Every structure is written in structure tokens, then in C-alpha cells.
Amino acid sequence: MFTGIIKNIGIIHSIQKEGNNIHFTIQSEITSKLSIDQSVAHDGVCLTVVNINEAAYMVTAVQETLEKTNLRHWKIGQEVNLELALQLGSYLDGHIVQGHVDGTGICQKLESASGSHPITFNFPEEFAPLIIEKGSICINGVSLTAFNVGKSSFQVTIIPYTFEHTGFKNMKEGDIVNLEFDLLGKYFLRKMTLEKQS
């Protein structure tokens, strides 16, 4: 379980394909805090630490994860947003994030407005029922508030601190991002769907 509040950045050191899986080695300051089998969110994707070597650690993405996220587009030297799992007793500063990405979106438009950074994203229309005006959305692991929500697009505004301390500072129009929609919305939609079927 995560909050979507990013406090650390990692750099992809190496990428190794093995069958349908890909092993990513990540260099980060948090490596010394990690242990084998620990869960860490990488651009919003919950991955398990499988190896640790001094300043770097390894995680493995299986085919299902690669198909539903932007990990298949990762490159050596790329920065990724990292978040350690939520501890009991910690402040829940963002919103409840599972690290289970629902799908990907595309950065359509980047703007700058008096220091803040409005960004427009496109997403598959099938997810439209899961996002609401002023609702929570997790983009590449960052908890944000959606506005100007349409059938296949929405906007967020990134404050300067978040922009400078996450991968958003490197984002370009056309980039593919990981999207995790609000957990409560998923349960509500599931309930409504079942009621219609009965």
C-alpha cells in the first residue's frame, strides 16, 4: 500500500530480458533501506526487490505488468519515481494507492502558468467511469487531483516542488504514463455493474 507521495528518485542502471520477464537494476539512495522481498513502487508500479548489490537493487517485471504499464519503454539512465510502502502510523498525505496500474495514458499537452505546470493527459475511454472532477488519480506513482475531466482526457496541475522532485521535470508531450484510478471508484463501479446484471 502506498500514498502517491514521492520522496525518492531512482536511475535505471541496467535492463536484462529473461524469457517474458525483464529484470531492472535501479540505483537509488533508498537501496540501503531495502531488503529482499520488499515492495517498492516504481513510477506507480509495485515491484518486489529480488537482489541488492551495494548502491543498486534489482526488481523483475512479468509479462502482465509489462503489457499494462510503461515499463516496456524504460531505458537505461532514465529516472523513475520511487516510494516505499506505507507504514502503519504514517501520515496518509496523498490517497490510497495499491501500486496496481490499471493502464497507460499519454501526455497530450504541457503548459506553464505562473510557476505551476498544468498537464493534459489522454486515456482509454473504458476508464472514464473511474475518474471524476476533483477526484484522485495516480500518475507514474504521484498522487494528484484531476480536473477538466472528459471521456478520454483530464488535466492535473503540478506544483513547483513536485515538478522538480519527480520525473515530471523530464516529461515530454507524447510520453506514456502509468495510471492507477481511485480504489473506491473501482469498488463502486463493480457494485453498480453487478446490480445491473442481477
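**Close-up views of the predicted model**

View 1. Ile96 is partly exposed, with a relative accessible area of 40%. The structure shown here and in the views below is a predicted model. Ile96 is placed in the loop that runs between β6 (79-84) and β7 (103-110). Together with Met1 and Leu86, Ile96 makes up a nonpolar patch on the surface. The accessible area of Met1, Leu86 and Ile96 taken together is about 260 Å².

**View 2. The salt bridge between Glu64 and Lys68 in helix α1.** Glu64 and Lys68 both belong to helix α1 (residues 63-68). Because the two positions are four residues apart in this helix, about one helical turn separates Glu64 from Lys68. Their side chains meet in a salt bridge, with an N to O distance of 3.0 Å. Side chains of opposite charge can pair when their charged atoms come close. Both partners are partly exposed: Glu64 has a relative accessible area of 44%, and Lys68 has one of 40%. The pair shown is one of six salt bridges counted in the structure.

View 3. Glu133 is partly exposed, and its relative accessible area is 40%.

View 4. Asn148 is not a glycine, yet it has a positive phi of about 50°. With a relative accessible area of 48%, Asn148 is partly exposed.

**View 5. The salt bridge between Lys172 and Asp175.** The side chains of Lys172 and Asp175 meet in a salt bridge, the N to O distance being 3.8 Å. Lys172 counts as exposed, at 51% relative accessibility. Asp175, by contrast, is partly exposed, with a relative accessible area of 23%.

View 6. The structure holds zero disulfides. For a disulfide, two cysteine sulfur atoms must lie within 2.5 Å. The cysteine sulfur closest to that of Cys46 belongs to Cys138 and is 12 Å away, which is too far for a bond. For Cys107 the closest cysteine sulfur is likewise in Cys138, at 16 Å, and this distance too is too far for a bond.

Notes
Residues numbered from 1 in each chain as written. Predicted model: local features only at pLDDT ≥ 70, side-chain atom pairs only at ≥ 80, totals over all residues. Heavy atoms only, no water. Buried < 20%, exposed > 50% of the residue type's maximum accessible area, 1.4 Å probe, protein only. Salt bridge = Lys/Arg side-chain N within 4 Å of Asp/Glu carboxyl O. Patch = residues over 30% accessible without salt bridge, like charges linked within 9 Å, V, L, I, M, F, W, Y side chains within 5 Å. Areas by Shrake-Rupley, 256 points an atom, 1.4 Å probe, with all protein chains shown as cover.
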